[in-house]
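Please view the sequence and the structure first.

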Amino acid sequence: TPSEKEVMQVLETVNKKEIQPYIDKVSDQPLVSNVPTPATIIEQKDLSEIAVTQWKLSNGVRVILKPTDFKNDEILFTSYSPGGNSLIDDKDYIAGSTASTVIQEGGLSNFDQITLQKMLQGKIVSVFPFISELEEGLSGSSSPSDLETMFQLIYLYFTAPRIDSATYLAYQSRIRGILQNRSARPESAFEDTIQVTMAQHHPRRRPWTEAILDEMNLNKSFAFYKDRFSDASDFTFFLVGNFKLDEIKPLVLTYLGGLPSKHRQEQWRDIGVKPPKGMITKTIKKGLEPKSQVRIIFSGPFDWSRENRHAIQSMASVLRIKLREVMREEKGGVYGVGVSASSWQYPTKEYRLTISFGCAPERVDELVSAANEQIDSLRKYATTDIYITKVKEMQRREREVNLKENRFWLNSLNFYYSNEEDPLDILKYDQLIESVSKNLVQKTAQQYFIDTNFVKVVLFPQEK
């Protein structure tokens, strides 16, 4: 313990010092010091029916543009390239799956993350790299006045990614704290059980733990990221929002046309994650609150087509309405019940139908039986016109709103191009709505609700 005299000497020394006030310095360097040489457009295609223009640049990049007047201050973009973390070995999967976040934390070029944020202060712009299972890309947005900044950030995420060991360790520390809190939540055990069960314990579907956190590797993440973004020749970019083609063209040619191009012939690979077959029931007992969670999942092969995608979505909508009427309004057993349908083409054509709800533990069996009764009713007796009418009206209203949303057009164009389908089919949605009928719903329920192939997971509180 210091004496009073020693403390006074310290204070006196500090008082005699001439301390300069802190100055928050912002770099005056340009984001991109060496502006790349612009590319040229080697192919143009106009889809006038949906006001979309497609450019093929000389470096191989494909650009899909849709100018809109929906919002004055919004331009959205996304992009994709086949590959993703399916191309990394299982042993390095954690390093690969965290690579894009690690790069984001590190900043860009000569600017660490803090400096970069200061440089972007006051601008309405964001750019985020991602590496998913089957593809890599970037997404983001900007206001029209900050559009060049958005393109510069895209360019730097390809050409000047940066890692920072200090921010990397801080990121790891944050995740470790989240994991420690997460393990105490009963819902985490519930979701983890679903994840590993639906993937049959594939090593890439392990729930995050502190042990898995130790598999992160800064250098491997950096090397994998650089490889994924070293060749832009197979990238497709989508831009939707308040811009004019002649004004955005120089930015596209300079910053997207200036991206590195190796013309590699790449494709994702099937890593072998498959859902289980048969009737599987899992019970988790965790937590003290008197509440349960139920998830019932049907899955299997899917005959991929826009008609079948719409049919399974429409059937799920009918069931959602019926379950809410029975389980919430009649029985008063749930606050809400979810029914979702999803399907995908890659790596294999599959579907998933999911029913989820929360309820009192003592009512789980009763409400599961109620759900099964409604599924069985759809399969055996179809439904009534009132439900078909409700679903059609809901789909029409939703589409009417969507057609005036930049986000809808961005996601739709991305979906149709990435699945190699005709984007003009976006305009044929009314035909799908008209095709919904009692017979279609019944046939779809019979095809996809297979009562000998499902996973049921139930969370109960711990027994006292």
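Helices (H or I, at least four residues) and strands (E, at least two) are DSSP runs numbered from the N terminus. The model is predicted: local features need pLDDT of at least 70 and side-chain atom pairs count only at pLDDT 80 or more, while totals for chains, interfaces and linings use all residues. Residues are numbered from 1 along each chain as its sequence is written, and side-chain values use heavy atoms, with hydrogens and water left out.

Helix α12 comprises 18 residues (364-381); at 1.5 Å a residue it should span 26 Å, and its end C-alpha atoms are 25 Å apart, which agrees. The expected span is 1.5 Å times one less than the number of residues. Buried residues of α12 include Val364, Leu367, Ala371, Ile375 and Leu378, where buried means under 20% relative accessible area, exposed over 50%, and partly exposed in between (1.4 Å probe, protein chains only). The buried residues of α12 pack against β9 (292-301), α11 (306-330), β11 (350-359), α16 (438-448) and β12 (454-460), contact being heavy atoms within 4.5 Å.

## Backbone features in loops

The peptide bond from tyrosine 346 to proline 347 is cis, with omega near 0°. Proline 347 is placed in the loop between β10 (337-344) and β11.

Glutamine 200, a residue other than glycine, has a positive phi near 50°. Glutamine 200 is in the loop between α7 (186-198) and α8 (210-213), and it counts as partly exposed because its relative accessibility is 46%.

## Aromatic pairs and charges over rings

Rings of Phe, Tyr and Trp (its six-membered ring) pair if their centres lie within 6.5 Å; planes under 30 degrees apart count as stacked, over 60 as edge-to-face and the rest as tilted. By this rule there are 18 aromatic pairs. One of them is edge-to-face and joins tyrosine 155 and tyrosine 255, at 6.2 Å centre to centre and 70° between the planes. This pair links distant parts of the chain, with tyrosine 155 in helix α5 (residues 147-159) and tyrosine 255 in helix α10, 100 residues apart.

Phe302, Trp304, Tyr351, Phe415, Tyr416 and Tyr448 form one aromatic cluster. Arginine 309 lies over the face of tryptophan 304, at 4.5 Å from the ring centre. A charge sits over a ring if NZ of Lys or CZ of Arg is within 6 Å of the ring centre and within 35 degrees of the ring normal.
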